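This report describes how parts of one protein chain are held against each other. Please view the sequence and the structure before reading on.

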Amino acid sequence: MFNKIIPAVLVLCCLAPRSDVFGQELQFRFEETPLSVALVRFMRQSGVDVVYAQRLVRTESTSCVYRGNSPLEALECIVREADIRIRQAGDTQFVLVPVLENDDSGEIIYRGIISGYVVDVETGESLNGAHVLIPGLRATAITNEAGYFAFPGVPLGRYRARISYIGFHSQHTTFDVISSPVSVSLSPTTFEVDGIVVEESASNRADLTVIPGLLSVPMRRLEELPGSFGGSDVFEVLRWMPGIQRAGEATGGLIVRGSGSDQNLYLLDGAPIYHPWHAFSLISTFQTETLKDVKLYRGSFPAEYGGRLSAVLDAELRDGSRANPGMFASINPLNARFIIESPIGPKSSFMLSGRRSYIDKLIGKKHPVQDDLGRRDTLRTGYYFYDWSAKVSFRPTTNSRLSVSYYSGRDILDLRLPFDLSLDFSSWLRPADLFFEVDQAWGNTLYSVRYQYLASDRLFLTGTAYSSVYDAREAAFIHPTRSSSVNSDYSVRLNDVGFKVDADIFASLSHQLRTGFVLVDHRFRSSIDALVTYGPNLEETLVEREKVRAIEYAVYVQDHWRPTADLQILAGTRLSYFGSGRYLRLSPRFTFQYSIDPSLLVLRGSLTTQVQYLQKIRDRFSFLYDLVSSRWVPSSADVIPSRSVQYSVGAESRPESWIRVTADAYYRRGRNILLPRDEFQSKSGLLGPGIEVSTLLGQYTPGQERSFGIEVEADLSLSAWKILFAYTGSRSQSRTPDLSDHSYRASRFDVPRSSSLVGRRVWNNWESTLSIIWRSGHPITVPVSRYALRDPVSGEDTFFFNRPQINNGRLPPYFRVDLGGGYQFQWLRARWKVRLHLYNLLNRRNVIGRSFDPAVEDFSPKDRLGLPFLPLFEIQMEL
C-alpha cells in the first residue's frame, strides 16, 4: 500500500532542496504556526524531503519546541497535534499520510459516535453555533440551540479536535469514541496584557458559516459598537453592518436590503414580536445585555424559518448564570435598567431584567394650573415605557433542558394640553377652554416554553410553545371649539398561539438533517367607538367591531450535506398552508459553500424563496386611529400572499488572524406587496372610511418590488484597535401594474450608496470610539407644476401640485460623526463603567424630510432637520 501512496501525493506535495546543514543540530520553536509553513522551514534547515498532500496540512497549525539532531524526532514534534502518520521512505525522505489510512484489506470498522455539548465556562450557558473540527475525520459540526453536536459513524479510536466560537478561546482537546456525550467548556477571549485589553480571534478560518448574508456577531462585540440613546441596542448596533439601515435618522425599524420593516421576522426565544420598538421607534425592545445569542439572516434563511420575505432576527434570552449570582445596572438620559441572574440550585438558574424611562418622573405627569381669573385645571404630560424580561432554565438530566421565558413591554402616553399650542412651552401650562386629551398605550406580551431532549445519540428534539400578544389602545378627546368636540376610543389586538417541534437527525458524517412542523393560531381584533359633535344638535358616530382568525401550518425538511471536505450544501424546502384563503405554498431553498482555502477564500451562494401571509397597513385618512398602532392583515380571498425569490453570492477571506473581509451580491424580486394607491394621501379627516379590513384594503393595491446590490465588510483587530468598515451599493424599486404603473421607481427606502466606519481603541481602563456614517438621501417626490381651482362662491383659488412621477427627487446626503469615550474602574466591590457619547459631533443638521406648500409660487421647500449635537452619558455598575 505504501507504494500506492507515493504516486498519488507527489502531484500535490512539497519537496525541499538539500541543505548543507543536514546532520547538524536542529532547533525549532513554533507557536500556533500554520503546519505548511513549519514543514517548509523544517525541510530547509534539515535537508530532509517531506512528501505530503496539501489538503492534509492546509487547515492545521502547530506549536512545537525542539532542539536536537534527529530529523524524525523533530518531524514528530511538528505534526504531533495533527492526525498525521509519518512513514519513512528513505534515509532523507518522509511521507505524511492520514492517521485513518486504510490498511491493505481496506476495512474500517465503525463502532460509535462522538457527541457532546459546548458551554460557556463562566455561566454554564449553552453556545449555539459553536464549531467543532476533527481534522482526522476531515469533518466539522455546528452546535444547535442547546449547544449539542454529533459525529456519527466514527471508527473506534481517539481523535484530536478543535472547538471554536466567536468571542471565546478555541480549545484543543481529544475525543474518544464513547456512547455518552461529553461537555466542552469555552472561556471568553478577553484578557489583559500590560494594561491593554486584547481579544483573540476564535479562528482564522472563513468556512465556518454556510449561509451568505448571515450575521452572527458575539454579544460582547455588539456591546462594543455604538448604541442608541437608550444604551446598548441591537437595532442601532446592526445598522453599522452592510445592507442594514434604520427607517429614520435615529428611529424606525430595520430596513434590510431596501425592504420594509414589516417584511422582517423578529423572534425572541422562538416567539414572534410584532412591534419591537419603544419611544416612537427610537429604541428597540432587544437589549444586548439580556441576550446570549443573536442571528440576523439577510434574505437567505434556512427552511426552518418562514412567514417573512426580507430578513429574520432570531434572538435568545440569557439562561442566567449557573455558576455565580450577578447583577448589572445602568442609567442613561432615556431610561434606567437592571439585570439579575443567579443559579437556583445545581440544575437550574434564572435571569430577570427590567427597564423604564424616567422623563415623566423628572417633569411630572400632572400639573395643576390656575390663571389670573381663578380658573383651575390639571394638565397632563405623561409618557414612559417599560420592559420586563425573565427566564428560568431547568436541567432535569444531562440530556434534557426546560426553559420558560417571559417578556412584557409597553409605552404609555397620557396628555391633556391646550388646543392652541405654540413653541413657547411656558404657555402650555395654563387653563384653557379649548384643549385635547390623549390616552394611548401599546406593547407586547410574550410567553415561551421550550423543552430540549436528546432522544438518542443521533436524534435531538426541541419543542416550543408560545403565546405572543400585541395590543394597542388609542383614546382621544378633542375640544377644538366651544360647540364641537371629538371623542374616540380605538383598539387593536393581535394574538398568536403557536407550537412547533424541531428534530435534528445526525444521519452520518456527511448528512445532518433538520425537520419539523409549525402550527400557529392567528387572531385579530379591532374596535372603535367615536362620537363627533359638530354643534348642539348635530352629531356623528362610528361604532365598528371586527374579528378575524386564521390558522397557519408548516412543515419543513433540510439537509446539511458535506459531499467533500471543501463543499457544503444546505438544501431544504418548506410547505405551508394558510387557512384564511386556503393557500398552499412550497418554498424551496438551496445554499452552498465551497472552500478554495479555509483561510484565504471561501465562496457561497444561495437561491431561496419566501412566502408572507401577514402584511402591515394603516388607515391613511383619519387622524383618530392608526397613529401608533400596527394593523396586520392576514391573507384571504382578497389578499394574495406575497412572495419573493432571492439570488445571493458571497465570498469571505481571513488571510490573517487580525482581518476578515466579506463581500456579498444579491438580486431579489417580490410580488403581491401591498402598496398605497395614493402616495400623497395624508391624514386630514375625522372619522375616515372606517376600520374594517375590506375598507382599508381599498386604499392599497398589490405591487411588485425588486432590489439588488453589493455589500462589503472589513473587520480589523490591530493591537488595541478594532475597526469595522461597511459599504453598500444597492437599489430598491417598486411598481403598481394594476394602476398602469409599469415602470419601476425608487422605493421609499431606496439608498443607492451608504458606508460606515467604526474605530474603537482600548488602553488601560480607557476606551474611545469614533463612528462615521454617510449615505445617500432618501427619495422624495418633487412637484413639477401647480394648478388652481376657483371656488364659484367665494372666488378664492385653491392651489394643487402636479406630481406625475413618484420619488423623482432625493434628499441631500446624510453625514454624521459621533465620538464616544469610556472609563472603567473598581469601587465598593463593583465594576463601574462611565460612558460619554457625543452624538453628531460636527452639529451637522441633516435634512431628513422635505415638504412643499402649493400656496408658495416658487415651490420653495420646507426642510425638516435632524437632531443637533447631543452629549449623552451612561453609567454602568456590575457585581
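Across the interface of domain 1 and domain 2, zero salt bridges are found, a salt bridge being a side-chain nitrogen of Lys or Arg within 4 Å of a carboxyl oxygen of Asp or Glu. By class, the side of domain 1 that touches domain 2 has seven charged residues, one nonpolar and no polar; Asp, Glu, Lys and Arg count as charged, Ala, Val, Leu, Ile, Met, Phe, Trp, Tyr, Cys and Pro as nonpolar, and the others, Gly among them, as polar.

The model is predicted: local features need pLDDT of at least 70, side-chain atom pairs count only at pLDDT 80 or more, and totals for chains, interfaces and linings use all residues. Residues are numbered from 1 along each chain as its sequence is written, and side-chain values use heavy atoms, with hydrogens and water left out.

Domain 1 covers 17-99 and domain 2 covers 108-202, with bounds from an automatic or database domain assignment. Eight residues of domain 1 contact six of domain 2 (heavy atoms within 4.5 Å). About 650 Å² is buried between these domains, 33% of it from carbon and sulfur atoms; buried area is the accessible area (1.4 Å probe) that two parts lose on being put together, summed over both.

Two side-chain links are listed below.

| Link | Pair | Distance |
|---|---|---|
| Disulfide | Cys64 and Cys77 | 1.9 Å, sulfur to sulfur |
| Salt bridge | Glu304 and Arg514 | 3.4 Å, N to O |

The whole structure holds one disulfide (cysteine sulfur atoms within 2.5 Å). The link of Cys64 and Cys77 is right-handed, with 125 degrees about the S-S bond. By the salt-bridge rule, the count comes to 49.
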